[in-house]
Every structure is written in structure tokens, then in C-alpha cells.
Amino acid sequence: LVSHTFISSDDIRHNFSIAMSEMYQKEVPLYGDLIDLVSEVNTDVLNKQPDIRQPLVHTGELDRLGMERHGAIRLGTAAELSMMRRLFAVMGMYPVGYYDLAPAGVPVHSTAFRALETSSLNKSPFRAFTSLLRLDLIDDEALRQEAIAALDKRKIFTDDVISLIERFEEQGGLMAADAKQFVKEALETFRWHDKTSVSKALYQQLLSQHGLIADVVGFKGPHINHLTPRTLDIDAVQAGMRAKGIPPKAIIEGPPRRRCPILLRQTSFRALEEAVNFKNPKGGYETGHHTARFGEIEQRGVALTPKGRALYDQLLSQARRQLGATPNADNALEYYQILESAFAAFPDDYQMLHDEGLAYFYYQAVDSDTNNAQTLDSIDVENIDVENVNDPLSKQVVTDLLEQGAIRLEPIVYEDFLPVSAAGIFQSNLHDDSTNDNENDENSGKQSNDKGHTNKDAFEKALGAQVYDELALYQTLQAESLKACLHRLMQLTE
Ligand code: OOG
Ligand code: NI
């Protein structure tokens, strides 16, 4: 047995995430400034608001805060996507969730590769939002063929990384030297190349179809296009960016500011204009520029149940309908006001979110309660259906235990993404969102076609696997925490 000498996938992911962040800070120094700002804000929040610190300690998130980040890449072909799935599996990252962005006018569909277990996420929460270009949405047939030919010619993985992926799959793990080499080789796929293999003329044709098509087809590989640290106060970071001369996108995506944060709020700084050398068919290179890479910030809140998510989606689209335009710099204040009044209908109290079945929570035993032993005797913990805390009997027992202070609730943080927000992040970095345009969700233009309903199957076929259902994962975490917490309480009574 050699398995004990394998490096854990969590460690490989952690090392990769550090290497990626270092590379990106060198490539995009403004991202380094953003990290500094975020850690200042986080330190400030933790010092001034002890009620925010405590839950993060209870859920193990405090330790991961400084290393928390996600990144994003965009791929061109099914072969690239399925190899990327195998690459991320080496790092214990699996595809979770499906996001169809075509209805919002962005010609991609996506998943997020991430760790599944809480303990793994706490060791390294690194995630990769991964999009596959929808070449079928290029309506110019000749151009579509040129794009396919350009993608078929490129090789985005090094030979060595492919060998190491295969070795991982055969052995079930990688030993130290291989793991180290894997991180180095995998990083190459995400590197920025300022020399492209396409001509400037082709690039410009692709660009006129859609900025994303040019960003994918026009380059040698899927350069990491942003990294995203996690903040505890995104409004402070948004204001801080302005103060530090980091140009922010016009609005913060997602729910409004709340006492009890839900899901995910996101903002970013605008993509940089970078020099590029396009291959000249007559020899040499032709200079030009490309806009794709940026820095993002996220604030995460509690994961919502299907009922909570339905309410979120309903209130968000209600607010956007009422605004009647895509949120932008000119209507930002009005948008925030509308959003806030719409979300007055969403309870802003953890106990209520729990009781109404709107959000997912960990149940944790409160060991210090000396009354536990007596009160628990009268509670029928054995009869709880832990898979279904909403069953009336379980609900009553849990309610009793919460009331007695024998157990407490801690929010399960949302680890995933939001399609409307993601579309907003894409769009703000493809073009200037400081002026009004009409690319809102209802007006998605030609990219939204009637194939829209079976896109997930097509995506999974390209991926070579099914994506995990994120809601099922949160449901399991909640049920497992209840199980563990009841065992703990039973031990206390013995
Ligand atoms: C991905 C944009 C979406 C997020 O955090 O929602 C995203 C991209 O620009 O490739 O990263
Ligand atoms: Ni992102």
C-alpha cells in the first residue's frame, strides 16, 4: 500500500491556489492592490463587529478568509472542458451547478469546480467558474468555421500535465514530487499570452460578433480572467476602490445590503486594456489590444433552500422590472432603493430564515449548557427524521432544543454562483456599463434561441459528467450536522 504517501487533493488545491494568486498579481498588479484593500476592510470588520467574528469561528470560515478566492476561465471546446474537469479532479474540485447565461445575452454556459465537503472547503475554498463558449450562437457560418478551426489547432494543456492527470487517475493520487510538478504544469494553462496565433483581422471579426468569442478563440489558452477575494463588507470595498483609484464596476450585483447576508454579492474593477501581438499572415506580429482581465470582490451569505431561492429570484426580477433598464452608473442609486424595498419581503433574521425554511443552517450542540441533561430526557431525539427536518415531529424537537439553547444555528455559507450576477460581471468587463444600454434579462437579443431548454444536457455531454446539484449538497450538510449534533447531545446525557 502506497496510498499514505499521496499528497491530499486539498493540499494540491491549496498550493495551486497560492501559485495562481501569485501569478495573477504579477500579471495584473491592480489585483494585488485589491487584495490589500479587502484585507484592510476584513480586519476592520472583525475588530469592530464581534458578532460577525463568532459565527465564522463556529463554522471554520475564519481561518479560510484570507485564502478565500475564486477565479474564472472560458473554454472553447468540449475536449477542453472535459480535460479541465479531469485536471480539477486532481485538486479535489468537482463541477457543481449549471449556469446558462445565454438568456442574459452572454454566449456561454458554465459550471463551478469546487470542493464538496465543508472540511475541504475550509482547508482551501478555491473555486473556478468555468464557461464553455456557445459557438452555435455565432450566426455567420464562415466565421463559425474559422473559429472552430482556430480552436481545434490550439493546445491548452502541457503534455506533462496530461501525463500527471493520467497518473493521478491510475494511482488514485500523486506523490510529493508529482504533485509539485502538477501545480507548476497546470498553472501554464491559465497564463496570459500576449502573442496570439490569430490574425488581427480575424480577431476583429470575432470581436464584432461578441467580445467573449474574441477572448476565447483569439488566444492560445484560457488565461485566468479574474480572481476574487472574499470580503465581509462589500459596500466598504466598493467605496474603498473609488478612494484608491481602482475603477469599480457601476453596481454591486446580487441581493441588497442586509443584517443577515444571503447568497452572494459581487462587484469588480474594470478590465484592463492590454497590449497584444497578433500573428501577421505575412510574417511577424501586428500590435493591438484586448480587454478581458479584471479583479472581483465577493461577499458571501447564507445558502438558500429552493423556497428561499425562488423568493430571491422573484424579488430580484421584480426590482429589475421596476427599474425598467439594466442597472448602471446613472441609475445605481435608484436601483439600490428599489432593490431594498423589494427585499423588505425577505426576512432578515436567521431564526426566521430557519423557521420559514428559507435558508440552510448547521445545527451545533451547545456543550456548555448545564441544563441539557435534564431537558433532553424529555425530548424524543431518536425519532427525528434527520433527512427531513421539516417533518412536523423533527421540526418540533429541533424547535424545543433551539428554545432551550441546547443547540444553535449557524448559517451554511453559499459556495456557488448566481446567473444574473454572473451575466452582470461578464458584461461589465466586456464593455462599459457606466452608460445605459438595453441588454437586460428580458431583452436578451439574438443569443437567446429556442434551444435554451436542453442546454444543460449539451453542457454535461461536453463535460463528460453530470454536474452536482448544489441544493442537494447544502441539504446534506444540514442533515449531517443535525445528526452529528444529536449524537453529541446524546453523549452529553449519558
Ligand atoms: C465569469 C464571470 C462570472 C462570477 O463570479 O459570477 C463570475 C467570467 O467573466 O468568465 O466570475
Ligand atoms: Ni467571478
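**Figure 1. Residues surrounding ligand 1 in the predicted model.** The shell consists of A72, R74, F129, S131, N225, Q266, E296, F417, S421, A422, I425 and F426, where a residue is near a molecule if its C-beta atom, placed from the backbone, lies within 6 Å of it. At least two shell residues each come from β2 (69-75), β5 (127-133) and α17 (419-430); α17 gives the most, with four residues. Helices (H or I, at least four residues) and strands (E, at least two) are DSSP runs, numbered from the N terminus. By class, six shell residues are nonpolar, four polar and two charged; Ala, Val, Leu, Ile, Met, Phe, Trp, Tyr, Cys and Pro count as nonpolar, Asp, Glu, Lys and Arg as charged, and the others, Gly among them, as polar. Residues are numbered from 1 along each chain as its sequence is written, while chains are lettered from A and ligands numbered from 1 in the order in which they are written. Because the model is predicted, local features need pLDDT of at least 70 and side-chain atom pairs count only at pLDDT 80 or more, whereas totals for chains, interfaces and linings use all residues.

**Figure 2. Packing of helix α7 (residues 159-171) against helix α8 (residues 176-189).** The two axes lie 9 Å apart at an angle of about 135°; axes are lines fitted to C-alpha atoms, for helices over the stretch in contact, and angles run from 0 to 180 degrees between N-to-C directions. The helices α7 and α8 are therefore oblique to each other, the term for angles that are not under 35 degrees (roughly parallel), over 145 (roughly antiparallel) or 65 to 115 (roughly perpendicular). From α7, D160, V161, L164 and R167 make the contact, and from α8, D178, Q181, F182, E185 and A186, contact meaning C-beta atoms, placed from the backbone, within 7 Å. This contact has four nonpolar, one polar and four charged residues.

Figure 3. Beyond residues up to four places away in sequence, Q181 touches D160 and L164. The C-alpha atoms of Q181 and V161, 20 residues apart along the chain, are separated by 8.2 Å. Q181 counts as partly exposed because it has 15 C-beta neighbours inside 10 Å; a residue is buried with 20 or more other C-beta atoms within 10 Å of its own, exposed with 12 or fewer, and partly exposed in between, with C-beta atoms placed from the backbone.

Figure 4. Most residues other than glycine have a negative phi. L263 is placed in the loop between α11 (234-243) and β8 (264-269) and is buried, with 24 other C-beta atoms within 10 Å.

Terms used:
Contact = placed C-beta atoms within 7 Å.
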